[in-house]
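The following exercises are to be worked with the sequence and the three-dimensional model at hand. Each task is followed by a solution in steps.

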Amino acid sequence: MKIENIGYSYEPNSNQIITGRIGAEIAGFKLSLTLDQDTVYEISLALVKYKTIFFKNQQHLTDDEQEGFAALLGKPFNHPTVLVKSGTAHVLELDLLGDRADTGHTDITFIEDYPKATILRSIVAPLAGGDTVWANTTSAYNDLPAELKILADSLRAVHSNDYDYASKVTTNTRIDAEKYLELFNSTEYETEHPLVRVHPESGEKTLLLGHFFKRFVGYSNQDSRRLFELFQDYAVNLENVVRWRWSVGDVAIWDNRATQHRAINDYGDDLRVVRCVTIEGGIPGGC
């Protein structure tokens, strides 16, 4: 299997140094639900190391095959308030209704054991725009000055689904925004997480923020927002991000425990359809 970092290529297990902080492409490879254990293990290692990995030309994948492949990486997980695509067990279809995840977030952190990974497949790509950006929240933590690391290690934050991108949904001819929000917020979730999570596989420290964030425990709303902006700026610093231009059949997989992501809302009224399956995670451990 050949893995390519954005703009560079190398063979796995080599000692070649790769420039950049996030993003690798696995080239010339077909995803399927029948991959052997060694291959799945190699994909999992690449995911932890590079945070987000990409596969082009996966047009052969059906919904069932996407679900089956996801099950090789872990136990598929369903969003607690958004319905899966009709005829599937775990596939969530995005943007057909116009929902646009155009603020930086880590998936579903308003629950205690939020997902560890997401597999996203492009079904319809706009003629221009609609890229997705991922940020490495491990390198964001590493960039903090020593004094801010001490503060970050001590903070705990409340996350809520009232603070998701759904609250900023773009109204267009394909969606009734009020009905969408009513569905998304039909059950209100709120949970508390450490700001700094220790990754269960790599042992790295990573910032857990994004737009599910509501407030820091023990701080006023105003002070919480100031602290949020301070740490969030480190997370989405341009040195920490990779941007992907979608083509139909592309698949992206990201480590939801060490990244944030957002869709770029620059494609007007063009149709953009992606389908995702998330993988069950665990309760994050702090410092």
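## Exercise 1: A helix pair

The axes of α4 and helix α6 (residues 221-235) come within 12 Å of each other and cross at roughly 115 degrees. The model is a predicted one: local features need pLDDT of at least 70, side-chain atom pairs count only at pLDDT 80 or more, and totals for chains, interfaces and linings use all residues. Residues are numbered from 1 along each chain as its sequence is written, and side-chain values use heavy atoms, with hydrogens and water left out.

**Task.** State which residues make the contact between α4 and α6, and give the class of these residues.

**Solution.** 

1. Helices (H or I, at least four residues) and strands (E, at least two) are DSSP runs, numbered from the N terminus. Axes are lines fitted to C-alpha atoms, for helices over the stretch in contact, and angles run from 0 to 180 degrees between N-to-C directions.
2. List the contact, meaning heavy atoms within 4.5 Å. Helix α4 contributes Leu 148, Leu 151 and Ala 152, and α6 contributes Leu 227, Leu 230, Phe 231 and Tyr 234.
3. Assign classes. Ala, Val, Leu, Ile, Met, Phe, Trp, Tyr, Cys and Pro count as nonpolar, Asp, Glu, Lys and Arg as charged, and the others, Gly among them, as polar. The contact of α4 with α6 then has seven nonpolar, no polar and no charged residues.

## Exercise 2: Salt bridges

**Task.** Which parts of the chain are tied together by Asp 63 and Arg 275, and which by Glu 190 and Lys 214?

**Solution.** 

1. Apply the rule: a salt bridge is a side-chain nitrogen of Lys or Arg within 4 Å of a carboxyl oxygen of Asp or Glu. By this rule the count comes to 15 salt bridges.
2. Asp 63 and Arg 275 form one of them, with the closest N and O atoms 3.1 Å apart. Asp 63 lies in helix α2 (residues 63-73) and Arg 275 in strand β16 (residues 273-279), so the pair ties together parts that are 212 residues apart in sequence.
3. Both Asp 63 and Arg 275 are buried, where buried means under 20% relative accessible area, exposed over 50%, and partly exposed in between (1.4 Å probe, protein chains only). Asp 63 and Arg 275 also belong to a network of salt bridges that links them with Lys 85, Glu 93 and Arg 121.
4. Glu 190 and Lys 214 meet in a salt bridge of 2.7 Å, N to O. Because Glu 190 lies in strand β9 and Lys 214 in strand β12, this pair ties together parts 24 residues apart in sequence. Glu 190 is partly exposed at 43% relative accessible area, and Lys 214 is partly exposed at 23%.

## Exercise 3: Positive phi angles

**Task.** Are Lys 51 and Asn 57 buried or exposed?

**Solution.** 

1. Most residues other than glycine have a negative phi. Lys 51 has a positive phi of about 70 degrees although it is not a glycine, and Asn 57, also not a glycine, has a positive phi of about 55 degrees.
2. Lys 51 lies in the loop between α1 and β3 (52-55) and is buried, with a relative accessible area of 3%.
3. Asn 57 is found in the loop between β3 and α2 and is exposed, with a relative accessible area of 54%.
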